[in-house]
Amino acid sequence: RRLTKHFPVHQLGPSRNKPVVHAVEDISLALPEATVTAVVGESGSGKSTLARLLTQLIVPTSGELLLDGEPVGRSGRARREYTRKVHLVLQDPFSSLNSVHSVRYHLERPLKLHRRAGRDELDAKAKQLLERVSLSPADRFIDKFPHELSGGQRQRVAIARGLAVEPRVLLADEPVSMLDVSIRLGVLNLLDELRERERLAILYVTHDIASARYLADTAVVMYAGQVVESGPATQITDAPAHPYTQLLLSAAPDPARTTPPVLRGRGSPPSLVNPPSGCRFHPRCPFAMAVCKTTAPPALPVATDQVAACWLHSTERTPAESAPLHNG
Ligand code: SF4
Ligand code: MG
């Protein structure tokens, strides 16, 4: 709830105004069980920082985490309990597994840490984990080493390791972006199975809005540390209300598109040390108006459950505020 993260910028020499990176700005997000929520944005939009805030790997500047509606306590016990329930799966299945250890080691270690179990029980549990991520028969994989597995199989082992502690929430940060295109779909389908069968709440962080449409129930579009649009994933991709979402969609490969994309090639995301005034997207926005440069737009309802932070959807603009900014 209302998570904000500002990182100090370390620089040489004395400085009166210590610069900060405005990485995540006032973001509230619900992750209901058995639901995939996609966080979509370019690199540098703050989406990975948001995922890390949700794991407690980094401490928010302000805002709080809630689990089942209750604020997460500050005691070591409350934080450990939260960490068990909220698991982060990283982008790179090559570095997240230790090459000197077998699959068995990677799965049995968290099992041992979280419950006392005998040899046979550990073996059975580890094999069950492999079956849960469709690495079966488990006997074929359990004693392999990471280098003997494909990228997709490694990512499945990394996910199985996360499941060992029976989390309720899986945070997957670009889980398929390092994988061959041909095996991405398999891993996305696995996440969908886990959502349905194990009723996990899944946060899917991606730069690829097409995959968000494929997998997610809800999509949250981030730009320069802020949420610019959110709503049902199909609604957001069929009828994007925010110019930035339209830009993302125009950049996504779409074999069905018949008209040329409107917003292609309009520069890159801004620095978050000195974010643009008003709407942070205004320097890149083809629809920018006078008001956009001076005043940050509020989140405005545009359809059922769909919200966009953009002045285009406000009915209370004056003619002066609506004057075009003539960007590029
Ligand atoms: Fe473009 Fe203005 Fe909307 Fe921002 S608020 S996206 S600059 S029209
Ligand atoms: Mg990232």
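**Entry 1**

Which residues in H3 meet Leu122, Lys125, Ala126 and Leu129 in H4? I looked this up in a predicted model, and I found Arg104, Leu107, Glu108, Leu111 and Lys112 on the H3 side. I then checked how the two helices lie: H3 and H4 pack at an angle of about 115°, and their axes are 9 Å apart. Angles from 65 to 115 degrees count as roughly perpendicular, so H3 and H4 are roughly perpendicular to each other. I also noted that the crossing of H3 and H4 is right-handed.

**Entry 1: H3 and its other neighbour**

Next I turned to H5. The axes of H3 and H5 cross at roughly 20° and come within 8 Å. Angles under 35 degrees count as roughly parallel, and therefore H3 and H5 are roughly parallel to each other. Their crossing, I noted, is right-handed. From H3, the contact uses Val103, His106, Leu107 and Pro110, while H5 brings Val157, Ala160 and Arg161.

**Entry 2: H3 itself**

Which residues of H3 are buried? I wrote down Val103, His106, Leu107 and Glu108. Among what covers them I found helix H4 (119–132) and helix H5 (151–163).

**Entry 3: the sheet**

Now for the strands. I reminded myself that strands of a sheet pair through backbone hydrogen bonds, either parallel or antiparallel. Here I traced eight strands in an open sheet, in the order E6-E7-E8-E3-E9-E10-E12-E11, with mixed pairing. Which strands are the edge strands? They are E6 (86–89) and E11 (299–303), each of which pairs on one side only.

One bridge I can point to joins Val40 to its partner in E8, Thr206. Then I looked for helices packing on the sheet. Helix H6 (residues 181–198) touches E3, E7 (169–173) and E8, and its direction makes about 135° with that of E3. Helix H9 (residues 243–251) also packs on the sheet, touching E3, E9 (218–223) and E10 (226–232). The direction of H9 makes about 100° with that of E9.

**Entry 4: around E10**

I finished with E10. Is E10 mostly covered or mostly uncovered? I found it mostly covered, with six of its seven residues buried. E10 pairs with E9 in the antiparallel sense over six bridges, and in this pairing Val220 stands opposite Ser230 in E10. The hairpin of E9 and E10 has two residues between the strands, and there I noticed Ala224 with a positive phi near 50°. E10 also pairs with E12 (residues 306–309), again in the antiparallel sense, over two bridges. For Glu229, I found the bridge partner in E12 to be Ala308.

Note on methods
Residues are numbered from 1 along each chain as its sequence is written. Chains are lettered from A and ligands numbered from 1 in the order in which they are written. This is a predicted model: local features need pLDDT of at least 70, side-chain atom pairs count only at pLDDT 80 or more; totals for chains, interfaces and linings use all residues. Two strands pair if DSSP finds at least two bridges between them. Helices (H or I, at least four residues) and strands (E, at least two) are DSSP runs, numbered from the N terminus. Two residues are in contact if their C-beta atoms, placed from the backbone, lie within 7 Å. Axes are lines fitted to C-alpha atoms, for helices over the stretch in contact, and angles run from 0 to 180 degrees between N-to-C directions. A residue is buried if 20 or more other C-beta atoms lie within 10 Å of its own, exposed if 12 or fewer, and partly exposed in between; C-beta atoms are placed from the backbone. Angles under 35 degrees count as roughly parallel, over 145 as roughly antiparallel, 65 to 115 as roughly perpendicular and the rest as oblique. A crossing is left-handed if the near helix is turned anticlockwise from the far one by less than a right angle, and right-handed if clockwise.
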